[in-house]
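Biologist: Could you take me through one part of this model in detail, namely the aromatic pairs? I am new to it and would like a connected account.

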Amino acid sequence: MAPVAPRTGDAIFANVERVNAELFTLTYGAIVRQLLTDLEEVEEVNKQLDQMGYNIGIRLIDEFLAKSNVSRCNDFRETTDVIAKVGFKMFLGVTASVTNWDADGTCCSIVLEDNPLVDFVELPDNCQGLYYCNILSGVIRGALDMVSMKTEVTWLRDVLRGDDVFELQVKLLKHVPEEYPYKDDE
Amino acid sequence: MIGVGKIKQYGNVLDKPLTKGKQEVSLSAFAFLFSELVQYNQTQVDNIGELERRLEDAGYAVGARVLELLCHRDKGNRRETRLLGILSFVHSTVWKVLFGKVADSLEKGTEHEDEYMISEKELLVNKFISIPKDMGTFNCGAFVAGIVRGVLDGAGFPAVVTAHFVPMEGQQRPRTTILIKFAEEVHCH
């Protein structure tokens, strides 16, 4: 059978069920506020948001692969391109761009101009250390973990902190070799 | 606007123009997020009642903001002051914005004067949820009950709002009914 061509983010987004972005945005806001109340320390909230994102990422990758027809990426450049162009579009309806590559092609930035998570949001003075969108970095890390790539994802720029865009640095730490043969019965 | 155009810098979030609210994200993005909300709250409680209360609190925070947002955007800064007005605002306007459709039904309770019910055959938040047997009557609709309570409370109609599964004949899945019981001061005027 001929391989199926990968689908564009726009085509997938047009065909999936969608919900109002405000419901999503306000629900996320409610989560962040609950965490701030429960955990009190901003640093702990950052950690918890990252963990929640990771949990989502390891499940979201299945849907992503099933709907996008994307097959194994040849290199990390292709991987990040697919995240920015297909992944962000398919789930959040926005596109991102990839820039600031390092010389050996293992570290780059994903830049988001639009981010549906932050509508209606202003960080109060006592939350200045908060990475409000930390769930996103967790999602990327979790999803890439599932396709054998250990990464480190950090926020370089954040509109809520006064920058002009959102910039996520994605650094490839290592490829985890898959182990053959798979032992499904264990 | 969410999702389109460049982010412009405003000193204060209130200086930003209000969006039309037509932007969308994928349903699965919301479902993933909502599932994390439920799972996180499960780690914070000892029993189902507490879990429902915490989901309701989260929903309340959404409802309070939705009221404010929609009153500015859709109602020219007016807010309903009549009981039936605010109920139909919840059943129609709020539902349509949040869930893309008007709620299936809005009924007045037959046994109690102060009770109303909004019913939905397949409530969005229950769509991907199966309740494990050991969790009894737990209903994720508590989140939506909280949204309803947040809207009503903000509009000056305090109420107790709860979510219940109602089995439907010939249907595999029960429908969800949001039961609204208004506080005494709302009804005795």
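Modeller: A residue is called buried here if its relative accessible area is under 20%. In this predicted model, both B:Phe30 and B:Phe34 are buried in that sense. The two residues lie in helix H1 of chain B, 4 residues apart, which is about one turn of the helix. A pair of aromatic rings is described by the distance of the centres and the angle of the planes. The structure holds 7 aromatic pairs over all chains, and among them is the pair of B:Phe30 and B:Phe34, which is stacked, with 5.9 Å from centre to centre and 20 degrees between the planes. Ring pairs also bring in B:Phe143, so that B:Phe30, B:Phe34 and B:Phe143 are linked into a cluster.

Another pair is that of B:Trp95 and B:Phe99, whose ring centres are 5.2 Å apart and whose planes stand at 65 degrees, so this pair is edge-to-face. Both residues belong to helix H3 (residues 83-99) of chain B, where 4 residues, about one turn of the helix, separate them, and both B:Trp95 and B:Phe99 are buried.

Helix H1 of chain B, residues 27-42, also packs with helix H3 of chain A, residues 42-68, at an angle of about 135 degrees and with the axes 10 Å apart; the two helices are therefore oblique to each other. Their crossing is right-handed. Residues that meet there include A:Met52, A:Ile56 and A:Arg59 in H3(A), and B:Phe32, B:Glu36 and B:Tyr40 in H1(B). The residues of this contact divide into 6 nonpolar, 5 polar and 3 charged.

Note on methods
Residues numbered from 1 in each chain as written. Chains lettered and ligands numbered in written order. Predicted model: local features only at pLDDT ≥ 70, side-chain atom pairs only at ≥ 80, totals over all residues. Heavy atoms only, no water. Axes fitted to C-alpha atoms, helices over the stretch in contact; angles between N-to-C directions. Parallel < 35°, antiparallel > 145°, perpendicular 65-115°, else oblique. Left-handed = near helix turned anticlockwise from the far one by under 90°. Contact = heavy atoms within 4.5 Å. Nonpolar A, V, L, I, M, F, W, Y, C, P; charged D, E, K, R; others polar. Phe/Tyr/Trp six-rings, centres within 6.5 Å; stacked < 30°, edge-to-face > 60°. Buried < 20%, exposed > 50% of the residue type's maximum accessible area, 1.4 Å probe, protein only.
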